[in-house]
Every structure is written in C-alpha cells, then in structure tokens.
Amino acid sequence: MKPLNLIALLLFLGGAAWALTRSDRSVREIQNTYYAAMAPFLKSGSAMETHARAFLEETQHSKALEAELEITREQLQGLYLMKSRFRALEIENEQLRDALHFKKTTRFAVCAARVNRRNPTTWWQTVEIDAGSKQGICSQLCVLSNKGLVGVIDRVDHGGDRSSVLLLTDEKCQVSARVENSPEVGILNGQRGGFDGVPMLRLRFLSANAACHPGQRVFTTGRGGTFQANILLGTIESVEKGALDSEALVRPVVDFANLGTVFVVLSSDS
Amino acid sequence: MFRYSLTTLLLLLAAFVVQQFLPAFTGIHHSRILLVQLVFLCCAVTVGPRTMLLLAFVGGFFWDAQCILGPHGGDVEIYTQRVESMHFGYSILLFGAMGFLMQGLQPLFKQGKWHFSALLSGIAVLLYLAAEYAIINFIRGDFVLSRSTVLQMVFTALLTMLFSPLIFGLLFLIANACDHSINPEAGRRRQRDF
C-alpha cells in the first residue's frame with residue numbers, strides 16, 4: 001500500500017473512532033446543524049409538492065366537483081342534525097358520569113400537525129410533522145391521532161416548524177402499558193424487521209400466567225413520565241406464555257400507513 | 001482530477017437532498033431507492049482510495065446525522081431494559097467497507113466494463129442492508145429474520161441497482177466536463193481501434 005493511502009486509511013479510521021465516541025448531546029448538535037442546512041431544501045421541496053397537488057386538484061373536472069359539492073351539502077345537513085343529537089347525548093353522559101363519581105376524562109392541550117413525509121430510512125420508523133419549536137413542541141412529547149397513540153417527538157428542528165416523530169411501531173419507542181379488565185402491565189414496543197411486514201407490537205414482561213385473551217384492549221398506564229394515562233394502543237392478537245413471563249402480540253389501533261393529521265400533547269391535566 | 005473529486009463530493013451531498021424526497025414503495029415491501037449509497041458506490045469505483053475514503057466518511061457521517069434516533073426519555077425505574085440502538089458513526093465504517101468492495105472491480109471498470117460495477121453496486125447495497133440488519137439483531141440479542149425483511153432488502157438492492165447506469169452516465173459526463181478520464185484503458189483501446 002502506498003504511504004499516502006495508508007495515512008488516508010489511518011485518518012479515516014481515526015475519524016470513524018471520533019464519530020463513534022460522540023456523546024448523545026454532541027450527536028444531537030450535529031443533527032441540528034445537518035437539518036438546519038437541509039431546511040431550505042426541505043421547505044422548497046414541500047412548497048413544490050403543495051403547488052403540484054393544488055395544480056392537480058384544479059384540473060379536476062368542474063362537473064364532478066359540483067356533484068361532489070351537492071353531496072357534501074346534503075351530508076352537512078345530516079351532520080348538523082347528528083351534532084345536535086350528540087350534544088344532547090354528551091350532556092346526558094356528563095351528568096351520568098358525575099352521578100357515578102367517575103373520574104373525569106383526561107383532557108390534553110394539543111397542537112395539531114400534518115404529517116409531511118416519512119423519513120428516508122430503511123429500519124427506523126419516523127415521520128416528519130409540520131410543527132416545531134415555534135408551536136411549543138419539544139422532544140419527548142406524546143403524539144396522538146384521533147384513534148390512539150402514534151409515538152413520541154424524537155427531534156425538533158431549532159427555530160423551525162418541523163419535528164421528527166418516532167412511531168410506536170419502532171423498537172426504540174417503549175410504552176408502559178396495561179391490559180383492560182386485568183391487573184397485567186408490561187412494556188410495549190415494535191420490532192425492526194419483524195412480523196412479516198405487518199406493524200405489530202410486543203407487550204412484554206406480563207406475568208407468567210397472565211389472564212389475557214385476544215381482543216382485549218391495551219392502554220397506556222401513564223407511568224414512566226412520557227405518555228399520559230389511558231391512551232388506547234391496540235388490541236391483543238395472541239398471547240405466548242413462557243416459564244418466567246408472558247408476551248402478547250398487539251395490533252396497533254392507529255393505521256401507521258395512512259397518517260394524516262396528528263396531535264402533539266403539550267400539557268395535560270392528569 | 002481534483003475538480004472531478006470535488007464534483008463527486010458535491011454530487012454525494014446533492015444525493016442527500018434528493019433522498020429526502022424519494023418515497024418508499026409500500027407495494028414492494030416498503031423498499032426504497034438508496035440514492036446516497038448508490039452515488040457513493042458509483043463514485044467509489046471511479047476515484048482513488050483516498051478520495052473514496054473521504055467520500056465514505058462524508059457519506060456515513062451525514063447518513064447517521066440524518067437517521068440516528070435520540071435517547072428514550074422515560075423514567076429508568078419503569079423502563080428498566082432500554083432498547084440499545086446503533087451508535088452514531090457506524091455507517092462510516094459500512095460505507096468504507098462498501099467502497100473497498102467497489103474498488104476491487106476498478107480494473108474492470110477502467111477497461112470500460114462498467115456493467116460489472118453496476119451489478120456489484122446492487123450486491124453491495126444488499127450486503128450493506130444485511131450488515132445493518134445483522135448489527136440491529138446483534139445489539140438486540142435476538143435474531144429474527146422474516147421473509148418480508150429479506151424481500152425488502154432484495155427489492156431495495158434491485159431498485160437501487162436499476163439506477164446505477166444513470167449515475168455512471170452522469171459520472172462520465174462530469175469526467176468529460178472536468179477533462180478527466182475515469183476509464184483510461186477503454187479510451188486508449190478506442191483510439192487504437194480508430
């Protein structure tokens with residue numbers, strides 16, 4: 001090997017060793033710098049995508065739009081009627097809850113955000129949303145959809161309006177969970193490359209003779225400091241019993257392939 | 001030569017930007033085109049070992065800056081068994097290994113047989129993904145390999161490989177613009193035949 005090539009190889013290995021020994025904080029700083037440099041491209045790319053979408057929408061036939069509008073108007077009338085009925089039911093429900101001294105449903109202060117895109121990684125399950133520090137978002141905040149838990153904020157772009165959400169289906173997103181109508185609690189997380197492409201979750205560390213059965217719902221316990229209590233996670237598909245503990249396979253309630261609008265929990269009263 | 005090396009570095013950085021807008025093909029087992037890796041592999045076969053190592057460092061460093069996840073912030077008393085993840089910087093070594101693999105076929109490329117390099121780029125992407133997956137499993141301490149994962153890796157490698165002629169074409173154009181020959185032996189043979 002030529003001496004210059006050997007020096008280059010040694011420098012390369014030295015550089016790799018330097019990178020491998022960075023602390024979490026340094027890595028976050030590097031990532032912030034990287035995404036700050038990327039921000040103009042990402043913004044202009046998103047703007048182009050929006051323009052293209054708007055153009056395609058405009059080219060739709062006007063008659064089809066008129067027919068759609070007519071149907072929507074009819075549906076709106078129906079919805080108004082349903083809304084007034086729901087309001088009456090809501091009041092009745094509230095009164096019944098108070099009468100039975102039910103614990104009040106947890107209320108969250110949330111920030112709505114749109115999912116921009118999935119991050120270009122093969123093994124990691126993350127999405128980018130269009131809300132960031134400007135909306136009061138910081139890392140480790142819980143992210144919900146109208147159905148249940150979506151994940152947790154992993155990274156917030158500094159001074160920007162973008163954040164990265166680590167999805168519940170990723171192995172690194174651990175959630176303290178409980179099984180409804182049972183004393184069983186465990187830790188729920190996904191698995192990289194597991195379950196033949198189906199985004200299933202593993203509920204581990206259940207007791208050895210856990211009385212769980214398929215169809216039971218799984219909720220957050222609220223312990224552990226990241227996720228609020230009583231957020232729906234999914235339903236049990238199967239239970240595997242071991243010598244020391246049991247493990248349940250959970251189907252998530254959220255459709256992670258079609259994430260549109262999500263809500264970041266800024267604070268809660270629980 | 002210097003101008004060409006600098007351009008390959010800029011091309012690699014541009015690939016990072018384009019990669020952000022390349023979606024996964026959900027119908028093909030969530031496979032995707034790994035443009036950054038492809039550009040690096042194609043460039044690696046056209047440059048010397050020193051430039052290749054520089055490209056590997058830059059590529060691996062920025063790839064990890066883009067992908068690495070932060071630490072789990074929950075209470076340690078509840079989350080007693082943390083999920084360990086790959087550390088920042090591992091991609092630098094993987095990029096370096098892939099680069100050396102591509103350099104092994106450099107004599108053939110210099111003779112003008114770029115097809116072999118295109119084929120090897122697909123194999124290198126497959127090996128890269130397999131190595132990454134093996135490290136994930138090793139860190140987890142539990143080996144799981146589903147059919148879907150194998151298909152995802154194979155289709156990602158195939159899709160990426162399909163674009164390699166395009167990248168090689170671009171590199172030939174850049175080399176011409178920089179007055180640099182990336183396959184000098186093929187050029188000499190063409191002149192002889194002429």
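Predicted model: local features only at pLDDT ≥ 70, side-chain atom pairs only at ≥ 80, totals over all residues.
A:Gln140 is partly exposed, because 17 other C-beta atoms lie within 10 Å, and a residue counts as buried only from 20 or more. A:Gln140 is found in the loop of chain A between β2 (126–129) and β3 (142–144). Its phi is near 70°, a positive value in a residue other than glycine.

A second residue of chain A deserves attention. The phi of A:Asn230 is near 60°, and this positive value again belongs to a residue other than glycine. A:Asn230 sits in the loop between β9 (217–220) and β10 (232–241) of chain A. With 15 C-beta neighbours inside 10 Å, A:Asn230 counts as partly exposed.

Let us turn to the domains of chain A. The assignment gives domain 1 (3–49), domain 2 (60–102) and domain 3 (107–270). The centres of domain 1 and domain 3, taken over C-alpha atoms, are separated by 29 Å. In the contact between these two domains, 6 residues of domain 1 meet 5 residues of domain 3. On the side of domain 1 that touches domain 3, there are 3 nonpolar residues, 3 polar and no charged.

Finally, I come to chain B. How do the axes of helix α2 (residues 35–46) and helix α3 (residues 49–67) of chain B cross? They come within 10 Å and cross at roughly 175°. The helices α2(B) and α3(B) are therefore roughly antiparallel to each other. From α2(B), the contact is made by B:Val36, B:Phe40, B:Cys43 and B:Ala44; from α3(B), by B:Met52, B:Leu55, B:Ala56, B:Gly59 and B:Trp63. These residues divide into 8 nonpolar, 1 polar and no charged.

Methods. Residues numbered from 1 in each chain as written. Chains lettered and ligands numbered in written order. Axes fitted to C-alpha atoms, helices over the stretch in contact; angles between N-to-C directions. Helix = DSSP H or I, 4+ residues; strand = E, 2+ residues; numbered from the N terminus. Parallel < 35°, antiparallel > 145°, perpendicular 65-115°, else oblique. Contact = placed C-beta atoms within 7 Å. Nonpolar A, V, L, I, M, F, W, Y, C, P; charged D, E, K, R; others polar. Domains from an automatic or database assignment. Buried ≥ 20, exposed ≤ 12 C-beta atoms within 10 Å, placed from the backbone.
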